[in-house]
Every structure is written in structure tokens, then in C-alpha cells.
Amino acid sequence: MVIEIQPITQTLYDQDYYLWLRTTINQLRTSQFSSVDLNNLIEELEDMGRSQKRTVKSLLIRLFEYLLKLTYWNVERERNEGHWKGEIRTFRREIKDELKDSPSLKPYILEIFDKCYQDARTEASDRCQLAIDIFPSIPIGSLEQILDKNWFAEYNHNHHGKPD
């Protein structure tokens, strides 16, 4: 039995991504549409959308995590409050920037809001080494509140059983 070995044909996309990108842009600008590598272009565009969603999701989880730390991790608050508030402001700004660039992502944020909060509870519990039920099971604020640059949940709580 003879097995034919097909040569592996590498496209420009596989050989040199940056050159493929520059070539594709040039082909589109000069209306050379029949020369465009459509399959890889479509794949890249789909990846861009997925990447934006992953970014927003990650930022939202991190924002919740730091809000939870600030609100409930009493023994570390005095030492870390400035850092945590700085991180909260950064995550807020980055989420707002993503929404400014792509307003159509707002429904997606609302869709993943509760799940991101639950993920943040778990991460905050792990990082703070506090029981997860110290953190409320429902989100500590609405989307509008957590994105408001002047909003911070009240943190006069003493749930860990230790003096502040």
C-alpha cells in the first residue's frame, strides 16, 4: 500500500502574522478584495470580539474582588486601603473605556454580572483566607454603583470574629 504524503502548505498567515496583517490591510485599502485571505480574516475578527468579552469579564471580577476586600477584610484594610482604592479606580476606568469603545458590551456585562460577582467572592475568600459566607451572596452594589467613581460600599463590618 502506497501512502501519499500531502505537502503542508503554509499561508502567509501561518508564516508571518504581522506581514499577513499588513498585507490584508493594504489589500482592503486598495480594494483588492479577491486577494484577501477571508477565512483567516473572519477568524481574527471573531477572536477580537471574544477577547473584548474576556477582558470585560476579567475586569469586572477584579473590580468586585477589590470592593469585597475593601468592604470586608478588616484586619488588612488600614494597611491596604489606598492600594485597593487605587485598583478599584483603575478597574472602573478600564471597564468604562471598554464600554466607551464598544457600548454594545453593556448587555453582556449585565448578563455576566451575577456570575462575575460569585467568582469574585470565591477569589476574595481565597486571597483573604476568610470564609466565603462572610461575603454576601448577592452583589454588594448595582452596575451603576460599582462603576461610580465615588461609590464605595460601607465597610463598618466585623464579620471575621477578630477585633479590628
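Mentor: Before we start, contact means heavy atoms within 4.5 Å. This is a predicted model, in which local features need pLDDT of at least 70 and side-chain atom pairs count only at pLDDT 80 or more, while totals for chains, interfaces and linings use all residues. Residues are numbered from 1 along each chain as its sequence is written, and side-chain values use heavy atoms, with hydrogens and water left out.

Trainee: Fine. Leaving aside neighbours within four places in sequence, what is Tyr17 in contact with?

Mentor: With that exclusion, Leu12 and Glu44 are in contact with Tyr17.

Trainee: Is Tyr17 buried, exposed or partly exposed?

Mentor: Partly exposed, because its relative accessibility is 39%. Under 20% relative accessible area is buried, over 50% is exposed, and partly exposed lies in between (1.4 Å probe, protein chains only).

Trainee: And which helix is Tyr17 in?

Mentor: Tyr17 sits in α2. Helices are DSSP runs of H or I with at least four residues, strands are runs of E with at least two, and both are numbered from the N terminus.

Trainee: How do the axes of α2 and α3 cross?

Mentor: At roughly 105 degrees, coming within 12 Å; α2 covers residues 17-29. Therefore α2 is roughly perpendicular to α3. The axes are lines fitted to C-alpha atoms, for helices over the stretch in contact, with angles from 0 to 180 degrees between N-to-C directions. Under 35 degrees counts as roughly parallel, over 145 as roughly antiparallel, 65 to 115 as roughly perpendicular, and the rest as oblique.

Trainee: Which residues make that contact?

Mentor: Tyr17, Trp20, Thr24 and Leu28 from α2, and Asn40, Leu41 and Glu44 from α3.

Trainee: New topic. How many helices and strands are in the chain?

Mentor: Six helices and zero strands.

Trainee: What share of the chain is buried?

Mentor: 37% of its 164 residues.

Trainee: How many residues are in the largest nonpolar core?

Mentor: It has 37, and Leu60 and Ile146 have the most contacts inside it. Such a core is a set of buried Ala, Val, Leu, Ile, Met, Phe, Trp, Tyr and Cys residues joined through side-chain atoms within 4.5 Å. At least two of its residues come from each of α3 (38-72), α4 (74-101), α5 (106-128) and α6 (143-147).

Trainee: Which helix gives the most to this core?

Mentor: α3, with eleven residues.

Trainee: What about Leu60, leaving aside neighbours within four places: what is it in contact with?

Mentor: Ile95, Ile109, Ile112, Phe113, Cys116 and Ile146 are in contact with Leu60. As background, nonpolar side chains tend to be buried together in soluble globular proteins.
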